[in-house]
There are 2 protein chains.
Amino acid sequence: MNINKNIIIRLSKYKNSLKKLKTFGFKKVFSDNIADSIGVTPSQVRKDFSVFGIPGNKKGGYTVDELIEELNKILGKNEINKIIVVGAGNLGTALIKYEIFRKEGIKIVAGFDIDPDRIDENSPIPIFHINKLSDFIKSNDIHIGIITVPENAAQSVFDIMITSGIKGVLNFSPFLLKSSEEVVINNIYLQTELESLIYYVNALKRN
Amino acid sequence: MNINKNIIIRLSKYKNSLKKLKTFGFKKVFSDNIADSIGVTPSQVRKDFSVFGIPGNKKGGYTVDELIEELNKILGKNEINKIIVVGAGNLGTALIKYEIFRKEGIKIVAGFDIDPDRIDENSPIPIFHINKLSDFIKSNDIHIGIITVPENAAQSVFDIMITSGIKGVLNFSPFLLKSSEEVVINNIYLQTELESLIYYVNALKRN
């Protein structure tokens, strides 16, 4: 099954929204509720669910708990959630401490850096020297890593990660990393996001 | 002209790539060079340029400096680049100090927070109490803001920003903010990005 990234992103959003609705006391939801909460159409929700064999239940709605469980299963969150961060500068440190990851069962287990001042092997989430990166990945069976190193270090860090067993990378460096059949990469270019905003804001002002 | 977000994202990437090629000593480039550097096809590059009236010059290539200037003009970078960050926790602080923004002429001019411990009006990029947010936006003619507050504060912060004159928002809170005709919003859901990675890595492992 060749699944488009957008549908997975939506499934993750459905799941996060359901967890919120649950805190409001919801036990049942309808596709309309889920659709409204993330800004898509109800038919989109039902279509996405049908792709993964989640039975449509338009009249009676869905049971919130069952749906969360189902989505977690599809998203594989019950299987793997140990993640490392390579680059323990400001952004890397912010991600290591990111509350929302912790709340959601996404465990950042270690950070890595080349700067001796940033290394702290005794903190709750230890920061190791980058020369321990490969061994750590292998011995802890890590498959997902976040890259927040400067551009000129990104490729070499990436190569170490991949040859050691990493299969998925969230890349914040402005260096283009390309997905392949063996490795999935989500690139987040913060500068580009801001530049597109600047463009649109200027366009709005001209109108 | 109704311009799709993806093309703007690509223009920004072209521009960043050209600046890199310039540091390598390039004076001229061909659409193939630009295409390779960001992972698209040469015809995509030429098509994007033609949308904005940048003349095709297949044989002789493009002059790097002129092309950067042209792209900056389109992206509006020469007009506006003062940006505020609302929420000075770990992520907000990391963005305030983000090197790449500074290098690219994107100026974070102030941060805002509700926590008195985070307020520091005398640092190079001052952090003000959130009750100064509205006045600051108005008196400094700010149009773009980054939101890194917790989910439960996002909507109220957003409302203050919009009524004070903000036209573009980069939103990191897991709260859904919707673009309208008056305001452009780029949402970055870090948790969702990681969850989609987890899904794909599990899918790869099953193959």
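In chain B, helix α7(B) passes helix α8(B) in a right-handed crossing; a crossing is right-handed if the near helix is turned clockwise from the far one by less than a right angle, and left-handed if anticlockwise. This is a predicted model, in which local features need pLDDT of at least 70, side-chain atom pairs count only at pLDDT 80 or more, and totals for chains, interfaces and linings use all residues. Residues are numbered from 1 along each chain as its sequence is written, chains are lettered from A and ligands numbered from 1 in the order in which they are written, and side-chain values use heavy atoms, with hydrogens and water left out.

**Helices α7 and α8 of chain B**
- The axes of α7(B) (residues 133–140) and α8(B) (residues 151–164) come within 9 Å and cross at roughly 30°; helices are DSSP runs of H or I with at least four residues, numbered from the N terminus.
- That angle makes α7(B) roughly parallel to α8(B) (under 35 degrees; over 145 is roughly antiparallel, 65 to 115 roughly perpendicular and the rest oblique).
- Axes are lines fitted to C-alpha atoms, for helices over the stretch in contact, with angles from 0 to 180 degrees between N-to-C directions.
- L133(B), S134(B), I137(B) and K138(B) of α7(B) meet V157(B), I160(B), M161(B) and S164(B) of α8(B), where contact means heavy atoms within 4.5 Å.
- By class, this contact of α7(B) with α8(B) has five nonpolar, two polar and one charged residues (nonpolar: Ala, Val, Leu, Ile, Met, Phe, Trp, Tyr, Cys and Pro; charged: Asp, Glu, Lys and Arg; polar: the others, Gly among them).

**Helices α1 and α4 of chain B**
- Helix α1(B) (residues 5–23) and helix α4(B) (residues 64–75) have axes that come within 10 Å and cross at roughly 150°.
- The two helices α1(B) and α4(B) are therefore roughly antiparallel, and their crossing is left-handed.

**Helices α2 and α3 of chain A**
- Helix α2(A) (residues 31–38) packs against helix α3(A) (residues 42–51) at an angle of about 110°, with the axes 8 Å apart.
- Accordingly, α2(A) and α3(A) are roughly perpendicular to each other.

**Contact between chains A and B**
- Chain B and chain A each contribute 67 residues to the contact.
- Between them the chains bury about 6100 Å², 68% of it on carbon and sulfur atoms; buried area is the accessible area (1.4 Å probe) that two parts lose on being put together, summed over both.
- Four salt bridges are counted between chain B and chain A (a side-chain nitrogen of Lys or Arg within 4 Å of a carboxyl oxygen of Asp or Glu).
- K20(A) forms a salt bridge with E151(B), with the closest N and O atoms 2.6 Å apart.
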